[in-house]
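Here is a short briefing to read alongside the model. Keep the viewer open and follow the topics one by one.

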Amino acid sequence: MSHPQNPIPHCPAALAAMLRVVPLAPLSLSLTVFSRRIAQNNPGLVQRLGEYDRTGFVLDPTDLPIVMCLNPNGGLPKVTLCRQPSKGAARISGPLAALLGLVHGAFDGDALFFSRDLVVEGDTGAALALRNAIDDAELNLAQEATALSGPFARPVQQLIAFAERQTGLCLNRPEDSVIW
Amino acid sequence: MVMEIVCPAGTPAALRAAVKAGAHTVYCGFNDETNARNFPGLNFSRSEMRDGVAFAHDHGAKVLVAINTFPRAGDEVIWHHAISDADACGANAVILADPGLLDHASRNHPRLRRHLSVQAAAANADIINFYAKTFDVKRVVLPRVLSVPEIAAINAETTVETEVFVFGGLCVMAEGRCSLSSYATGLSPNMNGVCSPASHVDYAEDQGALDARLGGYLIHRVEKGQPAPYPTLCKGCFSAGDKTGHLFEDPVSLNAERLIPQLHKAGVTALKIEGRQRSKSYVAQVVRNFRAAVDALEAGRPLPEGMLARLSEGQAMTTGAYKKTWR
């Protein structure tokens, strides 16, 4: 029920189809490495989680056939992708574009909740702490991925920009322009 | 004189976003029970507050520190430290509600400006003048129960600056007096800084309908596609006999943007935006909107059209008590 003037983009069907068949273990490993880099570069993020820094979160992009299980693990995060329903202390569900927009500060979490684009289940305190910690961290996933790519940084950057244009997904942090 | 935009910040990132978006003043709190938005992952450590104040001052903005809960007997020192730390961080003022804390601040930090929190529920000129005379309070945040003519009448009888809420979550109760949350959870905004603490809130989706429970009590159910409200008892939907409805208040947000010229005429000094629990995205957008409105008023231009409905609870807005059109 997003606002008609700024509908939340749908995740491309091709990505969903691909995720139905690709092996998830290497993807999980890559995401674990990626999340550890983010935690290392943003120590305030884990600190802000406070008592929830070892809580199991399930992040469920509702337009993809997978869920992401994230455990901050006191600053050494672990990410596991699963195809079947997974359990965690807190579950945050919504379209991939909404989840990425939240990470990049393009969307307001409460507004997504009011519009029912985002659903929180389980430990609401944990979900709130994660939302607030990420909002404060001012993450830029594209920048982090580029920095991890070594000699391939430039083509990776171009690929991300292309994907952003084609899909409408928010893969960078908008500096001063706010979507809503 | 330009009306001051007083903007919320729940995190250092939100403070920077507010200042960059044009807030004249930002209000925030420490990450403990001394402020009325004591939610997980929110608020400022001492070092973050010091850095935040420095950032704001470098950009010509002011910082107010909300220490607006009521101390527990025997634990006053937690609140006293918060005041002295706010002073040490260079805050421009502290926002206080408790008379004991006001007394402590006026005796021990006389040069630190004191604002009276909305939590003090000071709704007439006599009580405002009492706080000014007794504790040298310079500004009062008025409760959201007054009409514009009533605000004008108060301003005519006091020299204390007035600050009024113009946007955000609407509290139907007399602030500082509401204990609804504590009936269901044992915790209240007045004593613990939390209305509907997240640790006591449960959501569950069932065939598209969203159930919200507070302290185990079902307080509302919204059907598929319907906007969701905050899980507060005052916005709860209850059944009694054959009637079901919002007993206390409909889930809507305050938006007094179109009343800014009248509030200016009524002698209001500052316009306050609610929402320290909201994201930096919300903060930036709301501040830009209100700054544009205040600048337009100052320049004698018509107010620009607002775009804030989608950020509002229940995606609906009201002018609240300012126009006294509640049912």
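In chain A, five strands form an open sheet with the order 3-2-1-4-5 and mixed pairing. Strands here are DSSP runs of E with at least two residues, helices are runs of H or I with at least four, both numbered from the N terminus, and two strands pair if DSSP finds at least two bridges between them. This is a predicted model, in which local features need pLDDT of at least 70 and side-chain atom pairs count only at pLDDT 80 or more, while totals for chains, interfaces and linings use all residues. Residues are numbered from 1 along each chain as its sequence is written, and chains are lettered from A and ligands numbered from 1 in the order in which they are written.

**The sheet of chain A**

- Strand 3 (78-82) and strand 5 (119-122) of chain A each have a single partner strand, so one side of each has no neighbour in the sheet.
- From one strand to the next, the twist averages 20°, with axes taken as lines fitted to C-alpha atoms and angles running from 0 to 180 degrees between N-to-C directions.
- Five bridges join strand 2 (residues 67-71) of chain A to strand 3 of chain A in the antiparallel sense.
- Within this pair, A:C69 stands opposite A:T80, and A:L70 has A:V79 as its bridge partner.
- The two strands form a hairpin with six residues between them, and A:N73 in the turn has a positive phi of about 50°.
- A:V79 and A:L81 make up the covered face of strand 3 of chain A, while A:K78, A:T80 and A:C82 make up the uncovered one.

**Positive phi in chain A**

- Most residues other than glycine have a negative phi.
- A:R116, with phi near 70°, is in the loop between helix 5 (109-114) and strand 5 of chain A.
- Is A:R116 buried or exposed? A:R116 counts as buried because it has 20 C-beta neighbours inside 10 Å; the cut-offs are 20 or more other C-beta atoms within 10 Å for buried, 12 or fewer for exposed, and in between for partly exposed, with C-beta atoms placed from the backbone.
- A:E138, with phi near 50°, is in the loop between helix 6 (124-137) and helix 7 (141-148) of chain A.
- With 18 C-beta neighbours inside 10 Å, A:E138 counts as partly exposed.

**The sheet of chain B**

- An open sheet of three strands in chain B has the order 8-9-10 and antiparallel pairing.
- Strand 8 and strand 10 (217-222) of chain B stand at the edges with a single partner strand each, so one side of each is left without a neighbour in the sheet.
- Strand 8 and strand 9 (residues 209-214) of chain B pair over six bridges, and B:D202 stands opposite B:R213.

**Where the chains touch**

- 32 residues of chain B are in contact with 33 residues of chain A, a contact being two C-beta atoms, placed from the backbone, within 7 Å.
- Helix 1 (12-21), strand 8 (201-206) and helix 10 (280-299) of chain B each give two or more residues to this side of chain B.

**The largest nonpolar core**

- Such a core is a set of buried Ala, Val, Leu, Ile, Met, Phe, Trp, Tyr and Cys residues joined through C-beta atoms within 7 Å.
- The largest one has 142 residues, and B:A18, B:V26, B:I67 and B:V287 touch the most other members.
- Domain 1 (4-170 + 252-322) and domain 2 (180-246) of chain B both give residues to this core, so it lies between them; the domain bounds come from an automatic or database domain assignment.
- Beyond four places in sequence, the contacts of B:V287 include B:I5, B:C7, B:A18 and B:I273.
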